[in-house]
Amino acid sequence: MERCSKMKVIGLAGWSGAGKTTLLSRVIPYLLGRGLRVSVIKHAHHEFDVDVPGKDSWVHRQSGATEVLVSSTRRWALMHELRGASEPRLPELLAKMGRVDLVVVEGFKREPVNKIEVHRAANGKPLLFPDDASVVGIASDVAVETTLPMAHLDDIKEVAELMLRSAVSVDDVLATASAGS
């Protein structure tokens with residue numbers, strides 16, 4: 001497959017323990033093997049750190065810096081402290097991303113972006129899709145009665161294809177968000 005001409009976005013949604021991260025860790029190498037560049041935005045529900053307490057970047061954040069960028073010969077990371085401001089919505093975060101072929105959003109269940117629901121029967125949780133109109137496909141380890149496109153969790157190629165077919169242009173997401181504000 002040739003690379004997407006526009007940067008696209010697709011969400012992965014599901015209950016904790018459904019295997020979203022595990023699935024994504026298998027899909028990303030498949031997509032890379034197809035010549036696509038992939039980035040991920042992960043929503044965290046709790047306070048988290050990407051650096052170690054006591055290290056310089058942590059000290060700078062604790063001292064009150066709004067942003068701390070850490071850079072090395074291997075990677076860079078930008079941490080932005082909200083300092084009481086509202087959590088940014090998904091479109092604002094997408095606007096900050098470097099250009100790639102596909103951005104996969106893990107979490108952000110309430111954001112109106114196309115999502116593939118990851119469902120594992122052993123998790124014992126109900127499906128999200130009957131109540132979430134943004135779910136456009138399902139990846140599950142059991143058959144689900146639905147007209148939505150489906151893929152088995154272990155069929156990485158089909159899950160990846162489902163994600164690519166369901167992805168929407170980031171520009172469209174940003175335009176819709178700015179029209180609504």
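## Pockets, salt bridges and a covered helix

Arg83 lies in the loop between β4 and α3. Helices (H or I, at least four residues) and strands (E, at least two) are DSSP runs, numbered from the N terminus. The phi angle of Arg83 is near 45°, a positive value in a residue other than glycine. Arg83 is partly exposed, at 47% relative accessible area. Buried means under 20% relative accessible area, exposed means over 50%, and partly exposed is in between (1.4 Å probe, protein chains only).

This is a predicted model, in which local features need pLDDT of at least 70, side-chain atom pairs count only at pLDDT 80 or more, and totals for chains, interfaces and linings use all residues. Residues are numbered from 1 along each chain as its sequence is written, and side-chain values use heavy atoms, with hydrogens and water left out.

**Pockets**

Rolling a probe the size of a water molecule over the atoms shows where empty space is left. The search uses a 1 Å grid over the protein atoms alone: a cavity is a set of points where a 1.4 Å probe fits but cannot get out, while a pocket is an open set with protein on both sides within 12 Å along at least five of seven lines. Lining residues have an atom within 4 Å of a point. Grid points are joined across faces, edges and corners, and a volume is the space filled by probe spheres set on the points.

The largest pocket has a volume of about 1,500 Å³. Its lining has 31 residues. Phe48, Leu78, Met79, His80 and Leu93 lie nearest the centre of this pocket. Which elements each supply at least two residues of the lining of the largest pocket? They are β2 (38-42), α2 (56-62), β4 (76-80) and α3 (90-95). β4 gives the most, with 5 residues. The lining of the largest pocket divides into 15 nonpolar, 6 polar and 10 charged residues. Here Ala, Val, Leu, Ile, Met, Phe, Trp, Tyr, Cys and Pro count as nonpolar, Asp, Glu, Lys and Arg as charged, and the others, Gly among them, as polar.

The second largest pocket holds about 370 Å³ of space. Of the 17 residues that line this pocket, His43, His45, Gly107, Phe108 and Lys109 are the closest to its centre. The lining of the second largest pocket has 3 nonpolar, 6 polar and 8 charged residues.

**Salt bridges**

Side chains of opposite charge can pair when their charged atoms come close. A salt bridge is a side-chain nitrogen of Lys or Arg within 4 Å of a carboxyl oxygen of Asp or Glu. By this rule there are 10 salt bridges. The table shows some of them.

| Salt bridge | N to O distance |
|---|---|
| Arg34 and Glu161 | 2.3 Å |
| Arg61 and Asp51 | 3.0 Å |
| Arg89 and Glu111 | 2.7 Å |

Take Arg34 and Glu161, which meet in a salt bridge. Arg34 lies in the loop between α1 (20-33) and β2, and Glu161 lies in helix α4 (residues 156-166), so the pair ties together parts that are 127 residues apart in sequence. Arg34 is partly exposed, at 22% relative accessible area. Glu161 counts as buried, at 17%.

Next come Arg61 and Asp51, which also form a salt bridge. This pair links Arg61 in helix α2 with Asp51 in the loop between β2 and α2, 10 residues apart. Arg61 is buried, with a relative accessible area of 5%. Asp51 counts as buried at 12%.

Glu111 lies in the loop between β5 (102-106) and β6, and Arg89 in the loop between β4 and α3, so the pair ties together parts that are 22 residues apart in sequence. Glu111 counts as buried, at 9% relative accessibility. Salt bridges that share partners also join Asp51, Arg61 and Glu81 into one network.

**A buried charge**

Asp132 sits in the loop between β6 (115-119) and β7 (135-140). Asp132 is buried yet has no salt bridge. Where is the nearest side chain of opposite charge? Lys115 is 4.1 Å away. Lys and Arg count as positive and Asp and Glu as negative, while His and the chain ends are not counted. Leaving aside neighbours within four places in sequence, Asp132 is in contact (heavy atoms within 4.5 Å) with Lys109 and Lys115.

**Helix α4**

α4 is mostly covered, with 8 of its 11 residues buried. Among them are Ile156, Val159, Leu162 and Met163. Met163 has a relative accessible area of 0%. Beyond neighbours within four places in sequence, Met163 is in contact with Ile10, Leu12, Leu24, Val27, Val104 and Ile116. The C-alpha atoms of Met163 and Thr146 are separated by 17 Å.
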